[in-house]
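Work through the exercises below with the structure in view. Try each task before reading its solution.

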Amino acid sequence: MEIVNRETAYDGHFKLKLLTVQDGDKQLKRERFEPGKAVAALVWDTQQERYLFTRQYRVGAEAEMLEIAAGMIDNDEEPEAAMRREIQEELGFDVDRIEQIAHMYPSPGGSAETITVFYAEVSNQSGKGGGLEAENEKIELVSLTREQLIGQQLEDAKTIIAVQWVQLRK
C-alpha cells in the first residue's frame, strides 16, 4: 500500500486528513486523525510514597477521568523535556528522575497520534499544579498509595499500561 494523495479535511484544535491509498489496482479513501505527539508519566512521590495522578474532564469520554499526567509535545521539544514541563504544570513538582516506559501508537487504525510514556520520580513540589489557566485546564491532583492504586478502576489506556508496567517491575 502507498499513500498517493493527502488533503486536509479539517484544521482546528486537531487535524483530520483525507488520504488516498493505492492498494494494487484499487484506490481507497481513508481518514486519519492527527492530534500530534503526546507524552505521559506515572509519577511517584518519593517523600510521601504515593503515586500522583490527575483527574480532569475529558471530551472524548464525556466524563472526568483518573489518568497519569500527560500533555502534548510543543513544536521541536524533546519528549522528556515536554514531560518535565507537563509534570510541573499539572502536578506542581520538579522531576528528580525519569525513565521511558514505551513509545506507542494508541490507535493506529485511524490515528497518527504517538505517546511516549514515562515513569518519573519527584520529591519537591515547587508549584501549585492544576494545569494552565491559558489552556482552560482544571486539573485535580490525586494521590494514591500502591494499595489504593491496585484497587482503582482505570479506563484510560496509557494509564493502564503505565500501572501494569510498575506492577511488573516495582
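**Strands and their partners**

Glu2 stands opposite Gln22 in β2. This is a predicted model, in which local features need pLDDT of at least 70, side-chain atom pairs count only at pLDDT 80 or more, and totals for chains, interfaces and linings use all residues. Residues are numbered from 1 along each chain as its sequence is written, and side-chain values use heavy atoms, with hydrogens and water left out.

**Exercise 1.** Find how β1 and β2 pair and how they are linked.

Solution. Start with the terms: strands are DSSP runs (E, at least two residues), numbered from the N terminus, and two strands pair if DSSP finds at least two bridges between them. Strand β2 covers residues 15–23, and its pairing with β1 is antiparallel over 8 bridges. Another facing pair is Asn5 and Thr20, the latter in β2.

**Exercise 2.** Describe the pairing of β2 with β3 and the hairpin they form.

Solution. β2 and β3 run antiparallel and are joined by 9 bridges. Lys17 has Arg32 in β3 as its bridge partner. The hairpin has 2 residues between the strands, and Gly24 takes a positive phi near 65° there.

**Exercise 3.** State the order of the strands in the sheet, then identify its edge strands.

Solution. The sheet is open, with 3 strands in the order β1-β2-β3 and antiparallel pairing. The edge strands are β1 (2–11) and β3 (26–34), each of which pairs on one side only.

Methods:
Helices (H or I, at least four residues) and strands (E, at least two) are DSSP runs, numbered from the N terminus.
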